[in-house]
Number of protein chains: 2
Amino acid sequence: MTTPAPNPTIRRLDVASPVPADIDIANAVEPLHIADIAAELGVPPEHYDLYGKYKAKVLLSVLDKLQGQQDGYYVVVGGITPTPLGEGKSTTTVGLCQALGAFLDKKVVTCVRQPSQGPTFGIKGGAAGGGYSQVIPMDEFNLHMTGDIHAITAANNLLAAAIDTRIFHEASQSDKALFNRLCPPNKEGKRRFADVMLRRLIKLGISKTDPDELTPEEVRRFARLDIDPASITWRRVMDVNDRFLRKITVGQGPEEKGMVRETGFDISVASEIMAVLALTTSLADMRERLGRMVIGNSKAGEPVTADDLGLGGALTVLMKDAIHPTLMQTLEGTPVLVHAGPFANIAHGNSSIVADKIALKLVGKGGFVVTEAGFGADIGTEKFMDIKCRYSGLTPQCAIIVATIRALKMHGGGPDVVAGKPLDHAYVSENVALVEAGCVNLAKHISNTKGYGVNVVVAINKFATDTDAEMEVVKKAAMAAGAFDAVVCSHHAHGGKGAVDLGVAVQRACESQAEPLKFLYPLDSSIKEKIESIAKFYGASGVEYSEQAEKQIEMYTKQGFSNLPICMAKTQYSFSHVPSMKGAPSDFVLPIRDVRASIGAGFIYPLVGTMSTMPGLPTRPCFYEIDILCCCAIDRVQFQFWGHS
Amino acid sequence: MTTPAPNPTIRRLDVASPVPADIDIANAVEPLHIADIAAELGVPPEHYDLYGKYKAKVLLSVLDKLQGQQDGYYVVVGGITPTPLGEGKSTTTVGLCQALGAFLDKKVVTCVRQPSQGPTFGIKGGAAGGGYSQVIPMDEFNLHMTGDIHAITAANNLLAAAIDTRIFHEASQSDKALFNRLCPPNKEGKRRFADVMLRRLIKLGISKTDPDELTPEEVRRFARLDIDPASITWRRVMDVNDRFLRKITVGQGPEEKGMVRETGFDISVASEIMAVLALTTSLADMRERLGRMVIGNSKAGEPVTADDLGLGGALTVLMKDAIHPTLMQTLEGTPVLVHAGPFANIAHGNSSIVADKIALKLVGKGGFVVTEAGFGADIGTEKFMDIKCRYSGLTPQCAIIVATIRALKMHGGGPDVVAGKPLDHAYVSENVALVEAGCVNLAKHISNTKGYGVNVVVAINKFATDTDAEMEVVKKAAMAAGAFDAVVCSHHAHGGKGAVDLGVAVQRACESQAEPLKFLYPLDSSIKEKIESIAKFYGASGVEYSEQAEKQIEMYTKQGFSNLPICMAKTQYSFSHVPSMKGAPSDFVLPIRDVRASIGAGFIYPLVGTMSTMPGLPTRPCFYEIDILCCCAIDRVQFQFWGHS
């Protein structure tokens, strides 16, 4: 059973049955020094920075070096509409790559999101795949990593502090005093605009560059942002599950002179800066996106940006290391690029463009880059195609849809699946009829995804209790719905070896694909037309807009933002807005409660229902089980991470 | 003028006059790869982790390897009572080390604090020494560094979230329900206590280890922390100057069911976890200190700790990388350990014990470790001796007091010195009488510091406008007050070369020192006796306690914390509590407004006046001048950092 490893970094696993806890599997393996992984992948030492022994930032400069290189195949992993337990999308992403790299001798890179640290200490525990398909070391993947989320927190909150402080200073100073402070004369009595101020002048249509030449009216327009406190959409963030910060009042100190304001904190990965990081294509592009982030409006209704506050450059400097993806490894020694982790509802839920671009060049012609899209294919894959690929210019050859017998049974009418409660008998014993009935969900995801012009491969993520008859039904339904192939895989129990068939199918799918990417909607249609295209894609019979949504659409259109792609903030538990509507519902009208925008990241996000952007801690959080073991000179971290997703 | 460099990492500087801006000096130098610095210092590769090319974390494991090695000389740098412009203590610390390492051929390590990122974007700008005595690269030193402060923020705020959430969950659950959630039965119906819960059981005097054996009364005592919301002293933190967070109300979301509470944010470096990091001696010790941090009291008046909340282990895991100091370099290529940066008033303002310990072993016999103590010697050096050295067991051989002609003139009766305003004529032209009158301040710092049993060397940090006559007066006064030596130095203008005389004096002072360290007070005296010893040391004629202070002293004494050292929270601008009382006042009664405690860090801190623990941003913050320069493939960070300290 010990096939010789195709390259020196590949590690052959000793697989135990039943599958041990994720942390025990991860801890049983001694990771390779990341420099070895980098060398095998062909990243020259001058193009990466080590962060300890098991992580390295691959520098964007490597793209210049690899300019002439052809791209590898580009594979996106989505899923059917999941149960609350998750259907193993990350695990399949990792397992497939282990199969391609460790068993099929392909150059391969896994591209995944950096997890939020908050939920690690809450209910969710750590996430880096599961079973014998994981990214290691688990603690370094889940905690701090190379500091990217911390940089986002710092940048996000510097902007937040600047907003309130600016309102405070404007309230107590005349136009002239404000201007004198913003452009103070130097020792020779000469004033000068900081570079970032020139951007504001251009925006205001003032072509002067000498501060002393501004008229009093121009001084007023330049110096006074006149932010409408009620319009501020920029919130503070923290990478902690702190429910008591969801809604707060700030400014209650005596020195703030009664300038109180209601606001709140989101978890850091919900910051627009995270979405910017995921969608940017270079440092210069990131500088522009960060500068044009809109934080609210002036009292006259004009959008106020980070650059208006003088901050676009400083935010970029805070993010200058975060822009480089982090190289890690799988259990079987294949390379992983971890980068960005935007929310999958209020943002687009995909890992970064720059990581995918670097990976595609590094694997080169005939190699594979497998990237995961958050939530079900209706959300993750849709946003991957219509937002991420639109900005990157990249075209995937194959889209995977991960399905489980468990979730299909649920869609077929099985009882509720609730996290933390034991599974109903229906889910752990054979029930072909339930599976068959549930395949409508899979079929709709297949036909939707095929619409983009890619080959669709269904990965049936096998659990120990699934039967052959059940899996046969799924295969048939998948092929009938137009899938290129449908393959059973057992990478959770067997590592890459369990996903070899999937790897072969993916390779065939990629090699036989030549169509260009077909977007769901053109950018130049109206905001409403775009929303309606997506609603139809979900199966809705129509769209209903609240008064607030109408108002916002009108405002964004007037402000010139209607040409942005749409990022729908919808539940992941149904094609519709109602989590309990399983299968493939078609008799619903999609309600748009509100419409918001991430102008810097570059999308409008309509809210379908209420999205929580700050999780809480349960009575007994995971942190009870996290400690260090200090034995002799060796300090080992003891974790118990729950769940596998 | 080009003496050959004593070792391969030493860099000879081309010094320009007048001295260019700090950032221009820093950018003109190509730093060495930090692996070269580590090699020259004798840190084997297995005992450090690279963080990019110019930073490395030196692992605590190196202490085991160097166990047999003798310590080098230990030098602390304090200062006279400063003006608001700062008297160049950091710059002198760096310059002295450049002299010792690059010109006097000594093994030397500079130990400095990590700066807070908040002020970098506010008024202060970056700080890494100044002129030709700096730590480089400046941007990596000032922003993120190796993530230690971000780790502190994450740990601090996880604890804060756990406090509010626990109160919330306790409010809605019966004792039994709470207990069932804290110790849920596994599949076999068996319960077990998490390790951290056993600590709470021991604290409660319950010797059982089987959850099923607890009586209902024991269940209640174990599961219900019964935190008194009014007693909570733990605040949230952020490494941003965000004045609007000084006082806030949390819990206003509808899901928090009206459980609102007034609280606030401090800047991250004010977190007790920062003080723990600075005072800890090992990972196991840090685990204990983090676990015993007190966040408030139960309604019965018992202290509630992080371990009571189940968090001591998780906090340690979040801090497990932060415990390793970061190796960087000076402009002249000598090694620097950057680690921790606690507030100098509500905490003890010194860099870490572990960094100093590692450094003392690395330089070995005859080598030098120079460490800086925040604020004037009345605060920084006092806390260095009575708190830091008490916990570390280390003894310094020499204490430096940095003095400037400018500050001495202020103490002699010169006009106010205000940051951002031009200096009065008195400070830029010769005025020997003012200097002479001001030397009372220096003399008192000398005699105070000598009281600890160390040799005192005065470093006169020369400015271009200082005259020989003025400096002669200072030298005389210093020697008359009992200084071992008093030396003029010009390291700001000349780098290490400008501090060679100082280096020679320090070497002589260290070699002729043999006294043991004499603490100012014994730990077993009462809180009041200790406060009074320090007040006398300041020159006060007595101490006055507020009612609140009396109450707190009584409470801490009752709770068993009276044997901790005292960390006075006092202004740095006077020996007294009144910033305008310059020189060496003696006709004042020190008022103790309140008394607080950092039990995990290990000190009681009386508040003399009001301390701001969250700075604000000015109308035109430094961030206006911070941007990247994207030219061709090279992305360079453009900074303008103000001030030199």
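**Close-up views of a predicted two-chain model**

B:D105 is located in the loop between helix 4 (89-102) and strand 4 (108-112) of chain B. This is a predicted model, in which local features need pLDDT of at least 70, side-chain atom pairs count only at pLDDT 80 or more, and totals for chains, interfaces and linings use all residues. Residues are numbered from 1 along each chain as its sequence is written, chains are lettered from A and ligands numbered from 1 in the order in which they are written, and side-chain values use heavy atoms, with hydrogens and water left out.

View 1. Most residues other than glycine have a negative phi, and most peptide bonds are trans. B:D105, not a glycine, has a positive phi of about 60°. Its relative accessibility of 55% makes B:D105 exposed (buried is under 20% relative accessible area, exposed over 50%, partly exposed in between; 1.4 Å probe, protein chains only). A:K257, also not a glycine, has a positive phi of about 55°. A:K257 belongs to the loop between strand 8 (248-250) and strand 9 (261-263) of chain A (helices are DSSP runs of H or I with at least four residues, strands runs of E with at least two, numbered from the N terminus). With 62% relative accessibility, A:K257 is exposed.

**View 2. Cis peptide bonds in chain A.** The bond from A:S17 to A:P18 is cis, with omega near -5°; A:P18 lies in the segment before helix 1 (22-28). The bond from A:I136 to A:P137 is likewise cis, with omega near -10°, and A:P137 sits in the loop between strand 6 (133-136) and helix 6 (138-142).

**View 3. The contact of chain A and chain B.** Each side is in contact (heavy atoms within 4.5 Å): 86 residues come from chain A and 86 residues from chain B. Of the interface residues of chain A, 100% are also interface residues in chain B, so the copies meet through the same surface. The interface holds 16 salt bridges (a side-chain nitrogen of Lys or Arg within 4 Å of a carboxyl oxygen of Asp or Glu). One of them joins the side chains of A:D49 and B:K53 (2.4 Å, N to O). Helix 7 (residues 148-172) of chain A gives the most to the side of chain A that touches chain B, with 12 residues.

View 4. A rotation of 180° with 0.0 Å of shift along its axis superposes chain A on chain B (RMSD 0.0 Å), by least squares on the C-alpha atoms of residues with pLDDT of at least 70 in both. This is the relation of a two-fold axis. In chain A, the C-alpha of A:Y51 is nearest the axis, 2.2 Å from it.
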